[in-house]
Amino acid sequence: MHSKRSKGLLLLLLILAMVLSMADLSLGPVLIPAKDIFKSLSGQGASKTTWDYIILNYRLPKTITAILTGAGLSVCGLLMQTLFRNPLAGPYVLGLSSGSSLGVALVILGAAWLPEGWAALSEMSIVIASLLGSFVVLMAVLAVSQKLRDTMSILIVGLMFGSFTSAFVSILTYFSSAEQLQKFTFWSMGNLGNLSWNSLGILFFCVCLGLILAVFCLKSLDALLLGENYARSLGINYPKTQRIIIITTSILAGSITAFAGPIAFIGLAVPHIARLIFKTSQHTILFWATLILGAIIMLLCDILSQPPGTDLMLPINAITSIIGAPVVIWLLLQPAQRRH
């Protein structure tokens, strides 16, 4: 019965994700009818050529980015919460976001000290810097994890790396001009709508790779819920599993942050929403539930960030925080045994 209920719920969520994808393509400053969206996507062409351009060059890449971002960050949150057995762990708990921020800050705020070629690369230099920043922090965390046996110690080290890199960002911020600060602030607010098809292809590859690696961890994750010793007694290679989970999270969170900016709360809140709806701790179900729910919530946030019929564009991070923060507060108010 439980399996039937889960399959039914997953199907309903999948239908809802499709409906919201259509709504995201349709709504915005220019309202485009659903039939024209279908025509444009099937190659027949919409009633107006401008609609074709809006759909194929702006809204479709943005919708796909929202789906990839929501799904990737939500699965990251699920992996981190299970690995650390901490309901308040999220995709950026290892300091990856801070590493990305430092990389981007060096390019935007420290442009005067960098070679001229970096500035010429424009948006791509930000992506490269973000990926390099998160990769450096990942290498540092992996190096430390070889020395530390305790999972909670790795969590603390991740937070310390985050604080360390944030301090450098603060120093760069202090010496920056108003224009540089504005550009960095806009990046930190997150943006789903500035990806070219080439950039989207790279993001798609990275997210798919991360999700495939996550699938291989699912059986181990169920055992990890009952503790490290229990997992080892079942014959699970704990250090190897730990490394795979950290690398998977890094690929997902690092690539998403590089292309869309640091998106708040999605990875932290969605796994808990999935557990509440599906009432299970089985990761084979929770994986698909968080993946689809993450895409749904991100699409909903994207729709809310641009009120239909207006030119107003709200920062995506503001919307995700408005939705995510109450969920986290509610979670903290729950008895400890109900948080897992």
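Student: Hi! What should I know before I start?
Tutor: The model is predicted, so local features need pLDDT of at least 70 and side-chain atom pairs count only at pLDDT 80 or more, while totals for chains, interfaces and linings use all residues. Residues are numbered from 1 along each chain as its sequence is written, and side-chain values use heavy atoms, with hydrogens and water left out.

Student: How many cavities of 30 Å³ or more does the structure hold?
Tutor: One. A cavity is a set of points on a 1 Å grid over the protein atoms alone where a 1.4 Å probe fits but cannot get out.

Student: What volume does the largest cavity have?
Tutor: About 40 Å³, where a volume is the space filled by probe spheres set on the points, joined across faces, edges and corners.

Student: Which residues line it?
Tutor: Among them are Phe265, Ile297 and Thr320; lining residues have an atom within 4 Å of a point. Helix H12 (266–278) and helix H14 (316–333) each supply at least two lining residues, and H12 gives the largest share, four. Helices here are DSSP runs (H or I, at least four residues), numbered from the N terminus.

Student: Is Cys206 buried or exposed?
Tutor: Cys206 is buried, at 17% relative accessibility, whereas Cys208 is partly exposed at 28%. Buried means under 20% relative accessible area, exposed over 50%, and partly exposed in between (1.4 Å probe, protein chains only).

Definitions and conventions: On a 1 Å grid over the protein atoms alone, a cavity is a set of points where a 1.4 Å probe fits but cannot get out, and a pocket is an open set with protein on both sides within 12 Å along at least five of seven lines; lining residues have an atom within 4 Å of a point.
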